[in-house]
Amino acid sequence: MSDLLIGFQDVLNPATLIWVAIGVTLGYVLGALPGLGKATGVAVCIPLTFYLGPVAALGMLIGIAKGSAAGSAVSAILLNTPGEPSSAPTALDGYPLARQGKAQKALKMGLFASVIGDFVSTVILIALAAPLARYALLIGPVEICAILLFSLTFIGGLSGNSLIKGLIAGAMGVFFSTIGLEAETFVSRMTLGLLELEDGIALVPMAIGMLAVAEMAVQAGNVKVLDSEGARITDGASRSDRVVLASEWRRCLPVIARGTLIGSVVGILPGLGASVGSFLSYGATKKASKTPEKYGTGMIEGVAAAESADNAVVPSSLIPLFALGIPGSVIAAILIAAFILHGLTPGPLMFQQQPRLVADVYAAMLCASVILLIVGYTGQRLFAQVIKAPLRLIIPGVLLLCTVGAYMETSSVFSIYVMLFFTVIGFFARKLDFSFVTFLIGFVIGPNLELSFRQSLQLLDHNAVNLAKHPIAVVFILLTVAVVWWIGRGKNPAAGGQVTRSSRATEKHVPTNS
Amino acid sequence: MYEITKRGLLGMAAAALLGTVGFGHAGMAADYPTGPITMLVGYGAGGQTDLVARATAKVMAGELGVPINVVNKPGAGGAVAARDIAKAKPDGYTMLFHSNSVINSAPFIMEQVDYKPEDFEYAGMITAYQVGMASQKDQPFNTIAEYVAWAKKNPGSSYGALSPEARLYITEIAKQNGLDVNIVPLKSGSEMINALLGNQVALAFSGGIHYRYPDELKTVSALTTFRHTSAPDVPTIEEEGYPLGMDSRTTLILPKGTPRPILDRLAGALKAAETDADFEKVTSAANIPIKYLGVDESYTEMRDTYAKNKGIMKRAGLISD
Amino acid sequence: MRRANIISGVILAIFGLVMLAVVIPLQIDPGPDGMMSPRLVPGMMMGVVIALSLLLVINNIRAKEPEAADAGPPISRNELLALAKIGAVFGAAILLYLLVSPLPAGAVIVIGALVALGERRPLVLIAMPAGLLAAIWFLFYKVLGTGIV
C-alpha cells in the first residue's frame, strides 16, 4: 500500500500524466471510430513510446487499451456500428435509446459503466494479482471446456426473437470458426488452398464487415427514412433525456457490479476475450431482469451491462501478465513486448526486482481511469451531435475507416475480402432476423471449446473417470446440465409451446436490431 | 529502312551507356539505403520474434541512417510473410525478419508451402531460439534418458505440443522407447507456459520462453545442436542419442535477386546488434542468445539445415516421397 | 417474414447438406488415429444447421396465425440496391488498390459512397475524401510513425 502511495507520487506529475492522457484520448477516439480498435492502436504506438520513459510509455499504452474499450460504445450507440466487437451488445439497446432522443443519456451510462468497470477491475488487479493468478492456474483446459459449455447456455437468452434462428446462427458461427488449421491434428480445414486462411478467419475484419459495414448498408438503404427521423429527434430535449436519473442509477448499479465481476473473471481466464465478457454480461443481466423482452428496445441496463464488462476485461487480463508473465489476451500479448522493451519483465520476479516501477504503473493505471471519465464526459455533447449529421456524409467516412481498420489487421488486402464477405452475410442476417450476436458468440467460443475439449480428452487419458480430479469442471458441467434442463422444462408446458412461440416471434419484425 | 545516321549512332551509344549504368547495381549500392526500409515480421506483435525484430530494427536504423518500419504480417507461422517477400522487389527496401524455420522446416509440414531456400537471399542471422523440452522444476528427471525411465513408470502422462515439430520429438522418443504419452495440443507459447505452471502437463516443447521462469521451470533437453547458454548443463538431444537436433535462428530474409552489396550492407548493420548495449539488454531479459552469422555463413546454414531437416522429417514419416 | 423464413430455412438446409456431403470431405483430411477427427465439429454444426433449418421451414409452413397486415418482404429494394452499390464501390476501390495504389482506392471509397448516396455537391465530393485521407495520413504516418502500406 505504501508502495502505491510512492507510485502516485511518481506519477502525479504533468510529464507522465500528459502521456497517459494522450493514450486514453487516442484510445477513446480509436475505439469510437468503427474499424479501428485497441489492438491496432497499441501495437502501432509501441515504437512511439521508445522515446518515453517506462512509466509514461506503459501508462500510455495501457491508457489506449482502456480508452478504446470505453470509446467503442460511442459508435455503437450513435450509429449502431460497434467500434469493436466487444461493444456489439451495447448497440442492441444503446442505438434504440439514441433513436429515442436519449443519446446523451446512453452515452453517459456507457461511460460511467465503463469507468466503474475499469476502475474496480484495476483495483482488483492491484490488490489481488498474485493470489488470483495462482488460482487462475488451477483453471486448465478441462475447466475451461466446462466453463465454455456453461456460457453457451446464455446463447438462449441472446437469440433475439427466435431461438431456432439464434441457434442456427450460433452453429454457423462455430462452423466458420473451424476454417483454418486445426491445432491438434494439424489438418487444414476448408482453407481452399489459401495460405491466408490457415490461421482462420480473423475476428476483427469479420466483425467489422458483419457489424459495421453491413449496418452501413442497411442504413444506406433507408437513408431517407433515417434522416428524416434523425432530423425530428431533438436530442436531449428534456433534461431527463440527457442525464442519467437516480432511478436509473439504482437499477443499473447491480447490473454494473455484475458486469464488472463477469468481465474481471473472463479477463483472468486465458483466451476468452472482451467480446465473450460483454456478451455474457448482457445475457446474464437480461436473464436476471424482470422484463427480459424489453431488452433490445432501449433498456439502459443493457448498455450498463455490456460496457462495464467490456472495460473490466482489460485490467483483469493483465493479471496473468503481471503475476505470471502469461498474456491472457491479445492486448496483454502486445504489451509484453512493450514491457520488455522498456525494461520490465512481466512475471513474479517483476514484483521483487522492480517494485517501484510496478507501483508506478499501477498508479498510472488508476489515473488513467479517472482521465477516462474526464475525456469521455467532455466529449459527450460533441459526440451526440453526430446523430444530426446526414447519413450520406457519415456512411462514406465510416466505410473508409472500416477499410483501413480491416486492412491494418494483417497488412494485406485479404482482410478486405473477408470484411466484404461478412458484410453480405451480416446484411442478410440482420434483415432476416438471424442474430449476429449468437453468430459472434459461436465464432469466438467455438474454437476455444473444441480445442479445450481435445485437450481435455488427452489430459484425462481418454478416461472420463479422471474428471473426478477436476472438481471445478464437474461443478460447471452440473450447472450446464441444470440450466439446459430448466430451459427445456420452461419451454415445454405446451409441447407446441416452443413451436408457436417461435413462429409467432418470427412475425414480429423489430426494426432497429436483429 | 534504318539509316545509319550520326545521330542514330550517338543515340545507340548513349542507350548502351545508360544500359550498362543501369545494370551496375554496384554503383547503386553505394547510395543504399536512400529511404525508409520496411521490415516484415511473420508473427503478430508481442512475441519473441517481434521483440527481437523491433530491437534489431532500432539498431540497424541507427547504423543505416534511415528509419526501419516494422510491419507485422502474421499468418501461417510466417509463411504468408515469406510468400510476400518472395514476390517483393529485390531492391533491399523490403525485408523479412523471421525464424529461418519458416524456410527450412515449414515446407515439410505445410502442404501449401512449397518454396525452397534457393528462392530467397539472406543477409545474416542474429539470434537463436533456445528450443527445448521444459518441465516443472520439481519433476524427478533432468535428461531425456531420465524422462523415459519416469514415463515408463507413469504411463498416460501428458506432453504439451504446439506444433508438428513438437509432436515429432515426443513421437520419436516414444516410439523408440515404447512409451505411452498423451499429446496435448497447445495453440501458443503462453498456453504452453500456462500448462506447465498449472501442472497440466509433465513435459512440453518450448521455443525458449520457459527461461522466463527460472524458479518454476527447468529445461530437460536442448533440442538444438548446441547446448543452451541459459542451461549449459543440460545435454542436447543429439548428445543423448537422438539425431533430431534442429536449429532455428532469426534471419534477415530478402527477395531473390537482391544484389550482394546490399546484402553485405545489411549484414554489416545487423552485426552492430552484437555489440549494442540496448539490444543486449532486451535479448538477455528475454533469454535470447545472440549468435551472429554473416551472409555466406547464412547461406550455408540454410542449405545444410534444410537438407538435415528433410532427412529428419522423412524418417519420422512427416513427408512421404 | 414467414415466407422469408421458409426461403432462408430451405437455403440454409441446402447449404448444410452441400457442406456436409461435399465440402467437408473434400476440404478436410481425416486426421491421424487416436485423435478426434477434424471433420467432427464442422460436420456436427452442419447437422445442427440442417435439422434446425428444416424445423424453421416446418414451423413457418404450419404457422396458423395470420400474417400481419403490413408485412412486406423483410428486405426492401432500396436496401438491396444499397448493398449492391456499396459492393460496386468496394470493387472499384480494390481494383484501384491492386492496379494503382492505396490512395486512389481510399478516395474512391469515399467519393463512390457519397455519390451512391446521392451527394452531388462538388465541394463535399472533393473536400471530404481529401480531408479524411489527410487526417488518416496524419494520424498514422506522423503521429504514430507507422506506415499503413
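A residue is taken as buried if 20 or more other C-beta atoms lie within 10 Å of its own, with C-beta atoms placed from the backbone. On this criterion, 28% of the 149 residues of chain C count as buried in the predicted model. Chain C contains five helices and zero strands, and its pattern along the sequence reads α-α-α-α-α. The chain is divided into domain 1, spanning residues 2-62, and domain 2, spanning residues 77-143. The C-alpha centres of these two domains of chain C are 38 Å apart. Among contacts in chain C with a separation of 6 or more, 50% are accounted for by residues 24 or more positions apart.

The contact between chain A and chain C takes 50 residues from chain A and 58 residues from chain C. On the side of chain A that touches chain C, at least two residues each are supplied by α3 (38-45), α8 (163-177), α9 (203-221), α19 (391-410), α20 (414-431), α21 (436-459) and α23 (497-507) of chain A. The largest share of this side, nine residues, comes from α19(A). Classified by residue type, the side of chain A that touches chain C has 30 nonpolar, 10 polar and 10 charged residues.

Helix α20(A), one of the elements that supply this side of chain A, has 18 residues. From first to last C-alpha, α20(A) reaches 26 Å, close to the 26 Å expected at 1.5 Å a residue. The buried residues in α20(A) are A:Phe414, A:Ser415, A:Ile416, A:Val418, A:Met419, A:Phe422, A:Thr423, A:Gly426, A:Phe427, A:Ala429, A:Arg430 and A:Lys431. Within chain A, the buried residues of α20(A) pack against α8, α9, α19 and α21; in chain C, they pack against α3 (77-99). After α20(A) comes A:Asp433, which has a positive phi, near 65°.

The largest nonpolar core has 319 residues. Those with the most contacts inside this core are A:Leu61, A:Ile77 and A:Ile334. Helix α6 of chain A, residues 103-137, gives the most to the core, with 18 residues. When residues up to four places away in sequence are not counted, A:Ile77 touches A:Thr90, A:Ala91, A:Gly94, A:Tyr95, A:Leu97, A:Ala98, A:Ala103, A:Ala106, A:Leu107 and A:Gly110.

Technical notes:
Residues numbered from 1 in each chain as written. Chains lettered and ligands numbered in written order. Predicted model: local features only at pLDDT ≥ 70, side-chain atom pairs only at ≥ 80, totals over all residues. Contact = placed C-beta atoms within 7 Å. Helix = DSSP H or I, 4+ residues; strand = E, 2+ residues; numbered from the N terminus. Nonpolar A, V, L, I, M, F, W, Y, C, P; charged D, E, K, R; others polar. Buried ≥ 20, exposed ≤ 12 C-beta atoms within 10 Å, placed from the backbone. Core = buried A, V, L, I, M, F, W, Y, C linked by C-beta atoms within 7 Å. Domains from an automatic or database assignment. Expected span 1.5 Å × (residues − 1).
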